[in-house]
Amino acid sequence: MRVRVTLACSDCKQRNYNTMKNKKNDPERIEMNKYCKFCHKHTLHKETK
């Protein structure tokens, strides 16, 4: 049930992180506050395809 997902910065749209999520517990797209090395600040990162 665990799948690999990619997180992209909501400001600069760079794909910075890969993580795992459980599709049964989190059926919708996940959002996390992570550090973006391109923006040099913490921003909201959203799951992409």
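Biologist: Why are strand 3 and strand 4 said to pair?

Modeller: Two strands pair if there are at least two bridges between them. In this predicted model, strand 3 (residues 31–36) and strand 4 are joined by 6 bridges in the antiparallel sense, so they count as paired. At one place along them, Lys-34 stands opposite Thr-43.

Biologist: What is found in the hairpin of strand 3 and strand 4?

Modeller: The hairpin has 4 residues between the strands, and His-40 takes a positive phi near 60 degrees there.

Biologist: What makes strand 1 and strand 4 a pair?

Modeller: The rule again asks for at least two bridges. Cys-9 stands opposite His-45 in strand 4, and Leu-7 has Glu-47 as its bridge partner.

Biologist: In which order do the strands form the sheet?

Modeller: The 4 strands form an open sheet in the order 2-1-4-3, with antiparallel pairing.

Biologist: Why are strand 2 and strand 3 said to stand at the edges?

Modeller: Strand 2 (15–22) and strand 3 each have a single partner strand, so one side of each is left without a neighbour in the sheet. From one strand to the next, the twist averages 40 degrees.

Biologist: Why is Glu-47 called buried?

Modeller: Buried means under 20% relative accessible area. Glu-47, in strand 4, has 12%, so it is buried. Among the residues it touches are Val-5, Leu-7, Lys-21, Glu-28 and Arg-29.

Biologist: Is Cys-36 buried or exposed?

Modeller: Cys-36 belongs to strand 3. Its relative accessibility is 0%, and the limit is under 20%, so Cys-36 counts as buried. Leaving aside neighbours within four places in sequence, Cys-36 is in contact with Cys-9, Cys-12, Asn-16, Lys-41, Thr-43 and His-45.

Biologist: How far is Cys-36 from Lys-23?

Modeller: The two are 13 residues apart in sequence and 25 Å apart in space, C-alpha to C-alpha.

Notes:
Residues numbered from 1 in each chain as written. Predicted model: local features only at pLDDT ≥ 70, side-chain atom pairs only at ≥ 80, totals over all residues. Heavy atoms only, no water. Helix = DSSP H or I, 4+ residues; strand = E, 2+ residues; numbered from the N terminus. Buried < 20%, exposed > 50% of the residue type's maximum accessible area, 1.4 Å probe, protein only. Contact = heavy atoms within 4.5 Å. Axes fitted to C-alpha atoms, helices over the stretch in contact; angles between N-to-C directions.
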